[in-house]
Amino acid sequence: MGKGRNMWLSLVAAVLSAGLVYGLYDLQRLQVERQATMPVVAPVRFIAAGERIQAEDLMLLRLPAEAYQKEMVEGVDAVAGKEAVVPMGRGEPVLAWKLNEYGLQPRGSEATFQLPKDYIRSISSGIRAGDLVTLYASGPEGASTRVFDEPVVAASVKTAGNVEIDNMERPHLLSLAEGNKEEMYAVRRDANGSIDVINLNLTETQWLTIDELCKGGEVKLVVAYSPASFERIGNAVDRDSSISGIRQHDLETKEEEEQP
């Protein structure tokens, strides 16, 4: 009897030992897999070009280290609130150049206003859509003054034929989205026409201020390109960006949850 009991105890001990060894192996395997993968941001749904991306549109996708590219974005703060330059599919790792944080759509209390031609004295020829511009009031009496302390966004800059001013071979907005200062400088040297119409994103108060200044016809606006347009370009993606708000699970896990 004692011999049989000892055999059972030995068997149980062996099973427990094997289970412990397997558990340690499995834990080490998971740790190695996690170390060999990188977390990147991906959409949970199709996102159209020009659409503003929200935090709830994103999830965290783990990719093998060998599949990771330096252009891939790892943090929600680097994606949420920006616009998609090109369409992005569900589960497609977000690349930094596909994002445009300098949205042409008005925000908050803003609206897009076209400056009447008789309100304008001059427009800097280097301005392109997405740039920041500074407005100056120029009149027959007194010194010219700056209209607003801060620059405003040029939502659209067009020719008299209603064609957006741009370099047709290398669109300015693509260089802007990629944060490529060299190409931004180069492409704005060539244009498909001269500026005839400019649209600005303004608050109601800003527009009323402009209208009050210029509707008499004596004061006109000088629209100048702001260096702030260039200064805000080319910031590297912060790899330590917070990932709060992102669904931290694998794409495969999400697909399993959606299955009936």
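**Figure 1. Ring pairs around Trp207.** Here, rings of Phe, Tyr and Trp (its six-membered ring) pair up if their centres lie within 6.5 Å, with planes under 30 degrees apart called stacked, over 60 edge-to-face, and the rest tilted. Go by that rule and you get two aromatic pairs. Phe113 and Trp207 have ring centres 5.1 Å apart and planes at 10°, so this pair is stacked. Phe113 sits in strand 5 (residues 110-114) and Trp207 in helix 4 (residues 204-214), so the pair ties together parts 94 residues apart in sequence. Helices (H or I, at least four residues) and strands (E, at least two) are DSSP runs, numbered from the N terminus. Tyr119 and Trp207 are stacked too, at 6.3 Å centre to centre and 20° between the planes. Tyr119 belongs to the loop between strand 5 and strand 6 (120-123), 88 residues from Trp207. Together, the ring pairs join Phe113, Tyr119 and Trp207 into a cluster. Phe113 and Trp207 are both buried, and Tyr119 is buried as well; buried means under 20% relative accessible area, exposed over 50%, and partly exposed in between (1.4 Å probe, protein chains only).

This is a predicted model, so local features need pLDDT of at least 70 and side-chain atom pairs count only at pLDDT 80 or more, while totals for chains, interfaces and linings use all residues. Residues are numbered from 1 along each chain as its sequence is written, and side-chain values use heavy atoms, leaving out hydrogens and water.

**Figure 2. Helix 4 and its buried side.** Gln206, Trp207, Ile210 and Cys214 are the buried residues of helix 4. They span an arc of only 95° around the axis, which puts them on the same side of the helix; the arc is taken from the directions from the helix axis to the C-beta atoms. Packed against these buried residues are strand 5, strand 7, strand 9, strand 10 and strand 11.

**Figure 3. The nonpolar cores.** A nonpolar core is a set of buried Ala, Val, Leu, Ile, Met, Phe, Trp, Tyr and Cys residues joined through side-chain atoms within 4.5 Å. The largest one has 23 residues, and Leu115, Ile198, Leu200 and Ile210 have the most contacts inside it.

**Figure 4. Zooming in on Ile198.** Setting aside residues up to four places away in sequence, Ile198 touches Phe113, Gln114, Leu115, Ile120, Ile123, Ile127, Ala154, Ser156, Val157 and Val223. Contact here means heavy atoms within 4.5 Å.

**Figure 5. Ser156 and its partner Glu164.** Ser156 lies in strand 9 and is buried, with a relative accessible area of 10%. Its side chain makes a polar contact with the side chain of Glu164 at 2.7 Å. For that label, a pair of N or O atoms must be within 3.5 Å; within protein, one has to be able to donate a hydrogen and the other to accept it, and residues adjacent in sequence count only if both atoms are side-chain atoms. Neighbours within four places in sequence aside, Ser156 is in contact with Ala129, Glu164, Val197, Ile198 and Asn199.
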